[in-house]
Structure formats: C-alpha cells, structure tokens
Amino acid sequence: MNRAAADLGFARLKNPFMPASGCFGWGREYSRLFALDTLGAVVTKAVTPEPRRGNPGPRLAETPAGMLNAIGLENSGLEGALRDDLPWLQGQGVPILVNVAGRTPEEYARVAEALADQDLLGLELNLSCPNVREGGIAFGVDPDLVYALVSRVGEVCPLPLVVKLTPNLADIVEPALAAQAAGARALTLINTLRGLAIDSKKRRPLLGNISGGLSGPAIKPVALYQVWQAYRAVSIPIIGCGGIAGVEDALEFLLAGAAALQVGSAAFANPLVLPQLVRGLADWLVTNDTTVSELVGEAHRGREV
Amino acid sequence: MIETRALVLDNLPLTEDIFKLHLLVPEIAAGVRGGQFVHLEVPGFSLRRPFTVADADEQSITLVIRRLGAGTAALAGIERGSSLAILGPLGRGFTPEKGRPLLLGGGIGAAALTLLARQLGECTFVMGGPNARELWLETLALPPGVGVGWATEDGSRGFAGNLVQYAAANLVPGLWVAACGPEPMLSGLQALLRERGLAGQFALEARMACGLGACNGCVVPTRQGNARVCRDGPVFAAQEVVFP
C-alpha cells in the first residue's frame, strides 16, 4: 500500500509533494540534485503567451522567517516552453502541472488552448501573481472575473484546471467558490502576500518593483487559515502552499484540508527539501500507521462543515 | 555540483569588516574553478549566501567575506567546529583568454580572483581599496608567480587612485583582464577595455535565492537579454554586461 498517495480527484499522485511555481524553473537545475520522479508532480514556471523580461532588479529581499520576491513572471513564452522546456520535462517521468499566466482572459485561453493536447496532469491558472501590473492578482480578487476566466479557459482546454488564488483579499471563500462553479478541479492556496522592503542606507524601496511577494515560514499561519476556510466551503481538492519546510508543516496543511502540498522558498534554504519531505512523510505515515487520505481535513472532524 | 555539509576549520578576521572562513569540504574543493561560488547556509536565516571560492586545496576551501548585513555578521561569529550546509561549486568561472593576465580586484571583489590567480600561476594581481588598512590580499598565500600590486584612493600604498585610474594608466596591448569589484569600477573598466581593444571578463555579484538558475532572482541585463548571475555567470565577458 502506498500510504503517501495523494488524491486530487482527477488524478492520484504517488505523494502529495510538488514544487511551487516559479521556485523550481522547469526542474532542470534541481534534476542535477535529485530525480524529479521522486515527486508527486512538478509545477512549472508560469507560461505567458509572449516572452516576458520580468521586473528590474533587485528582485529578492530576505525578511524575518521568509523572503520577498518580485521576479515578474519572466519566462520565454509559450513558444519557448513548447520548444525547449516542456519536451524535456515530459521525459522525466513525473506528472506535470503547467502554470499559466496572462494579462487578459484571452491570453490565458491562448496558452491553455496551445497546451490542450499535451500529456499533462493539468494546468495551474495563476490568478494571483502580486508582481505584475496587469492580470494575475487583479483577476483573483474578483469572484466574477475568476468565474469568467476559468470558464473561458475551460471552453478551449479539456485538461483539469487548478486555480491558484491570492491571499491578498478579505475572504478566500468567494473566489474559491467562483473557481469551483466555473469548473476548476482543484485550488492552490496560497500565492505570496504582498509586502515591501526599504533599504535604509539608500532611503528607497529595496526591490526594483517596489513591492514583492512574501513567502516562507512567516506566511504559514495565513496559508493554513485560508486552506481551512476554503476546505469548509468547496468540495474540490485544495493544494496547500505557504511556508512548508518540514514534515510537521506538511502534516498541519493536510490536517487543515490540503490534499496535496507545494513547497516553494524552503528549497532555497535547502535544495534537497522536497525529496527529504517525501521520505520524511513516508516514514511518519508508517510510524503512525496512517495514510495521507486519512489525514486530509482531519482537523475539521467533529465540527460541522 | 553537490549539496553537502562543510566543517568550519577556522574563522579569522582580516580587516575590521572582512573575515576568512576556512571550510573542510573535499567534495567541493576538488573540482572548483576560479570565479565559481558556493551557496552557504547561514544558521537562522531564510536564504543562503553566495560566496566565490577564494582559495582551494584538495580538501578545503577558503571564503573571504565582507560583513555587510545581518547574515554576514552572523557568519563572522561562526565558531570553529560548526557545520554548515553548502551547495557547490556553482556557476561559470573564468576562462582565461590570450594575453598576459592582469587581475583587478576592488575591495572584497578581489576574493573572486584569488583562486584564478592560483590556477594561472603567473599573473599580475592588483588589489584596490580606499586605504592600506583595507588591503587583505597578502593574508592569502599566493603562488610566487603572482605579482601583487596595490592601488589606494588615499595613496597610502601603491598606486594613488582607484582601479579605473590605475587601469587608465596601465592598460597596454597584450593584456587580458579579469576583474571584480563595485559596479562603477566595472563600468569604468568596460569603457577602457573597449577603447583599447582588450578582452576581459568580469565576475558579478547579486542577491540570490536558489543559486542554481531556477528562480530568476539574480538576473542582470546583458547584450543577449537577461542573464542569471548564478548560472550564466557569475563570470561574463566584459562587453556583455549592460550597466545601468
């Protein structure tokens, strides 16, 4: 029996662990350190229809218990992804979620349509990037836009759609419900929290983009709460993300209701964190004679959902 | 490239804010080239710090580090016998071209050139700094074929002036230049090299997250578009880099 198997409804993964989009590129660099098929899935860097240069530097700032990034969706575009990156990753024997971003619903649809007949686990629609002026977060905060965008992509692409929502709003439930109503098969919660760093020596904002997205252990309680809230509202699976660095963190997210887990900036502190989590959780499940499926949402038991 | 742990053999101050970490890490020491770097854990901090390998023998590497922020201050206090997670060797090092090598290291930037000097064996290595107290190059044992010179802005040792002024006075045909230092220095050198038709390579520094080329956190503009300092560099052809 595979105790670690993670059930996404539309697919069963051998374990719940995948990298968070943008922290892992297309996996080439990390494949020099471990076999990518160790993972439940790989989530790619965001793909936009045209190449993007991203934001000016500096793009990174360390913070207490975390970091800010403002990369700005730099990527080589749909053509580059289809030519250079996707074929390589498809040879690694790991299920793939391609992260998709755009400035308009039509841009998302364009990328999704071009990927529709690829052998993929699904698409992760990035409705939550805090570091681009158009698109991204602007869609994720408006339930009507979430609904319209996810529906539009669903019209042109039969692949399972995972919607990555932003925590930069008052209530996660409405956009979560809108995504579900529009046909999303799962949600990823959460993207980074918008934040700022000031360089006191230069007396100016540190990041080239002014603001950045906060990630790391600092955001774990926020992410856990949003996973908890969404779990009580939607029936589709949730992929938890935000500050996961150890087995204990992973357990907390599963218990709060996440069916699978993404790991982002923890890989910067420890490039082997993903395979270590896979092994660590497997050992924990044996020791405690349980399974991932039994843990998902367990913390809600006894409470009316 | 390997992820492993390094044992701190020694931690010595070289100047008021520069210190030298000597790390036992044979897996990395064996294959490192001048200009390559390691990504080093700083206990208690979320991100690692990239440092060029300043020296290496078969078993160990030396890092020369400037105390700049909280992370490097924590490293300055790290005790002998500690163990730190380390990833390396990373990035593209120097690839010497035709010509007599002239190495120009501004301040802590000189640390990016010392292993190159050892691997070249014969070269001229000029270190620049504000004054004689900031010059730490002699504390590393360089091969006898390395001719060391100095440039100080206050004239307290060697050439009086900065390294761009030094280069303006000393860049002659037949030289190949390897340099690392603050941006204004590299930008000034780039113009001089272009004017005089000399080839050179610059080692750049940047804030990094992954250190591997995955996160695009450390990109700089080049003539070919954005380049990742960690993977496409940190060493670039002098005329490739676009300075703001």
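Modeller: A word on terms before we start: two strands pair if DSSP finds at least two bridges between them. Helices (H or I, at least four residues) and strands (E, at least two) are DSSP runs, numbered from the N terminus. What you see above is a predicted model, in which local features need pLDDT of at least 70 and side-chain atom pairs count only at pLDDT 80 or more, while totals for chains, interfaces and linings use all residues. Residues are numbered from 1 along each chain as its sequence is written, and chains are lettered from A and ligands numbered from 1 in the order in which they are written.

Biologist: Glad to have that settled! Which residue of strand 14 of chain A is the bridge partner of A:Arg194?

Modeller: Strand 11 of chain A (residues 193-196) runs antiparallel to strand 14 of chain A (residues 211-215), and four bridges join the two. Within that pairing, A:Arg194 finds its bridge partner in A:Gly213.

Biologist: Let's move to strand 7 of chain A. How many of its five residues are buried?

Modeller: A:Ile96, A:Val98 and A:Val100 point one way, A:Leu97 and A:Asn99 point the other way, and all are buried. Strand 7 of chain A (residues 96-100) is therefore largely enclosed by the rest of the structure, and its buried count is five of five.

Biologist: Which residue of strand 8 of chain A is the bridge partner of A:Asn99?

Modeller: Strand 7 of chain A pairs in the parallel sense with strand 4 of chain A (residues 42-43) over two bridges, and there A:Val43 stands opposite A:Leu97. It also pairs in the parallel sense with strand 8 of chain A (residues 122-126), over four bridges. In strand 8, the bridge partner of A:Asn99 is A:Glu124.

Biologist: Now a helix: which residue takes a positive phi just after helix 7 of chain A?

Modeller: Helix 7 of chain A (residues 247-256) is mostly covered, with seven of its ten residues buried, among them A:Leu251, A:Phe253 and A:Leu254. Those buried residues pack against several elements of chain A, including strand 16 (258-263) and helix 9 (273-287). Just past the helix, the positive phi, about 130°, belongs to A:Gly257.

Biologist: Is helix 6 of chain A roughly parallel or roughly antiparallel to helix 7 of chain A?

Modeller: Axes are lines fitted to C-alpha atoms, for helices over the stretch in contact, and angles run from 0 to 180 degrees between N-to-C directions. The two axes come within 8 Å and cross at roughly 25°. Angles under 35 degrees count as roughly parallel, over 145 as roughly antiparallel, 65 to 115 as roughly perpendicular and the rest as oblique. So helix 6 of chain A and helix 7 of chain A are roughly parallel.

Biologist: How many charged residues does the contact of helix 6 with helix 7 of chain A have?

Modeller: Two residues are in contact if their C-beta atoms, placed from the backbone, lie within 7 Å. Helix 6 contributes A:Lys220, A:Leu224, A:Val227, A:Trp228 and A:Tyr231, and helix 7 contributes A:Asp249, A:Glu252, A:Phe253 and A:Ala256. Ala, Val, Leu, Ile, Met, Phe, Trp, Tyr, Cys and Pro count as nonpolar, Asp, Glu, Lys and Arg as charged, and the others, Gly among them, as polar. By class there are six nonpolar residues, no polar ones, and a charged count of three.

Biologist: Over to chain B. Which strands stand at the edges of its open sheet?

Modeller: Seven strands form this antiparallel sheet in the order 4-3-7-1-2-6-5. Each edge strand has a single partner, so one side of it is left without a neighbour in the sheet; the two are strand 4 (49-52) and strand 5 (55-56) of chain B.

Biologist: Inside that sheet, what is the bridge partner of B:His39?

Modeller: Strand 3 of chain B (residues 37-40) pairs with strand 7 of chain B (residues 83-90) in the antiparallel sense, over three bridges. In strand 7 of chain B, B:His39 has as its partner B:Leu87.

Biologist: Last one: which elements give two or more residues to the side of chain B that touches chain A?

Modeller: This interface brings 20 residues of chain B into contact with 29 residues of chain A. The chain B side has twelve nonpolar, five polar and three charged residues. Two or more residues come from each of strand 7 and strand 14 (219-222) of chain B.

Note on methods:
Buried ≥ 20, exposed ≤ 12 C-beta atoms within 10 Å, placed from the backbone.
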